[in-house]
Amino acid sequence: MNAADSQWMARALRLAERGLCSTSPNPRVGCVLVKEGKSIGEGWHVRAGEPHAEVHALRAAGAAARGATAYVTLEPCSHHGRTPPCADALIAAGIRRVVVAMQDPNPLVAGQGLDKLRAAGIAVECGLMEAAARELNIGFISRMTRGMPWVRSKIAASLDGRTALANGVSKWITGEAARRDVQHWRARSCAVLTGSGTVRADDPRLDVREVEVGRQPLRVVLDSSLHIAPEARVLRGGPTLVYTAIPDAARHQALQAVGAEVALLTGERGRVDLAAVLQDLARRGINEVLVEAGRTLNGALLEAGLVDELVLYLAPKLLGDAARGLAELGALTQLQQGTDLKWQDVRQVGDDLRIIATINKGK
């Protein structure tokens with residue numbers, strides 16, 4: 001592979017990004033067809049049930065596709081799902097060479113698409129710009145390999161790590177630019193998850209605003225005792241799923257009457273089973289979950305090792321020791337017991353800092 005290969009794969013990755021907010025539960029995929037150093041067709045996967053990136057690119061190229069090189073950000077599928085196999089389409093079009101960023105983690109594909117292309121006499125190379133391709137589909141990969149979605153927790157706090165005053169007041173710690181930025185994280189997420197305490201305190205909508213999207217993420221509320229009121233704003237304007245730990249038929253029916261789905265997943269101490277919630281969301285095709293919750297739920301998820309990434313907005317202000325912290329975590333006796341993070345990105349958003357960090361689970 002050479003510099004030109006990298007150039008065309010970078011273009012395919014940019015195309016794949018166009019499906020950032022629409023492809024769920026499918027992966028984000030881009031494809032570029034190149035012949036004699038020129039692009040002759042390109043495409044990206046827009047949404048599930050519609051043609052894949054390779055099909056769009058082949059249609060754009062037409063008969064010129066014969067003898068071309070295809071740059072694809074994810075291994076072409078080899079099985080019949082909602083659409084026919086893309087590997088077969090590339091073979092039928094007479095593609096000469098296929099450069100793939102990464103192998104598909106879906107067990108239904110997992111190398112079979114590459115094998116089918118090679119068996120047809122097509123030159124296949126895999127692994128170009130794989131890190132970027134993996135990052136683009138981090139949730140899909142997580143669901144396919146772990147049976148869990150990628151869990152990203154968004155927290156707005158003061159510089160000393162306080163998310164609300166002692167009396168619960170938290171609007172607004174961060175500025176308008178940071179709040180607009182959060183809308184992009186919601187838009188790319190398959191689900192936005194919160195706790196009943198946040199619903200009672202803030203009555204949030206948790207929907208996407210100010211960003212053009214073709215669908216709203218699933219709103220998920222964890223409410224062990226089912227205290228959420230049927231009038232809560234989170235239950236309006238789109239799909240909402242409430243997980244509870246009590247089999248109270250009357251309360252279930254009251255929420256179902258306003259359009260919410262209620263699921264019973266009881267864990268220890270009469271609380272909702274957090275791991276079971278994420279496993280159930282994965283079975284529902286949820287790739288990425290954005291947590292927007294208070295310190296209690298954030299602490300429980302962190303202590304259970306269920307958070308993968310933090311998106312932390314820090315405001316240039318100090319709120320003091322009496323204010324509420326980021327997460328309720330048990331008392332530690334050694335520094336080594338703390339949660340280790342790996343910085344991914346730090347930048348200023350308006351007057352605030354945005355820090356993206358992944359949880360180091362390998363220590």
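Visitor: What covers the buried residues of H6?

Guide: This is a predicted model. In it, the cover over the buried residues of H6 includes helix H5 (130–136), S6, helix H10 (274–283) and strand S12 (288–291).

Visitor: Which residues of H6 are buried?

Guide: Helix H6 spans residues 138–146, and its buried residues include Ile138, Gly139, Phe140, Ile141, Ser142 and Arg143.

Visitor: Is Ser153 buried or exposed?

Guide: The relative accessible area of Ser153 is 1%, and under 20% counts as buried, so Ser153 is buried.

Visitor: Which side chain does the side chain of Ser153 join in a polar contact?

Guide: The partner is Asn298, and the polar contact between the two side chains is 2.6 Å.

Visitor: What else does Ser153 touch?

Guide: Leaving aside residues up to four places away in sequence, Ser153 touches Val291, Val307, Glu309, Leu310 and Val311 as well as Asn298.

Visitor: A change of topic: where does Gly305 lie?

Guide: Gly305 is in the loop that links helix H11 (295–303) to strand S13 (309–315). Its relative accessibility is 39%, between the 20% and 50% cut-offs, so Gly305 counts as partly exposed.

Visitor: How many residues separate Gly305 from Met102 in sequence, and what is the distance in space?

Guide: They are 203 residues apart in sequence, and their C-alpha atoms are 27 Å apart.

Visitor: Now the whole chain. How many helices and strands are there?

Guide: The chain has 11 helices and 16 strands. Its radius of gyration is 23 Å, close to the 21 Å that the globule rule gives for 363 residues, so the chain is as compact as a globular protein of that length. Along the principal axes, the C-alpha atoms fill a box of roughly 70 × 45 × 40 Å.

Visitor: What percentage of the residues is buried?

Guide: Buried residues account for 50% of the 363. The accessible surface of the chain is about 16800 Å², and carbon and sulfur atoms contribute 50% of that surface.

Visitor: Lastly, how far apart are the mean positions of the positive and negative charges?

Guide: The chain carries 45 positive and 39 negative charges, and their mean positions are 2 Å apart.

Conventions
Residues numbered from 1 in each chain as written. Predicted model: local features only at pLDDT ≥ 70, side-chain atom pairs only at ≥ 80, totals over all residues. Heavy atoms only, no water. Helix = DSSP H or I, 4+ residues; strand = E, 2+ residues; numbered from the N terminus. Rg over C-alpha atoms; globule rule 2.2 N^0.38 Å. Buried < 20%, exposed > 50% of the residue type's maximum accessible area, 1.4 Å probe, protein only. Areas by Shrake-Rupley, 256 points an atom, 1.4 Å probe, with all protein chains shown as cover. Lys, Arg positive; Asp, Glu negative; His and termini not counted. Charge placed at Lys NZ, Arg CZ, Asp CG, Glu CD. Polar contact = N/O pair within 3.5 Å; in protein donor to acceptor, adjacent residues only side chain to side chain. Contact = heavy atoms within 4.5 Å.
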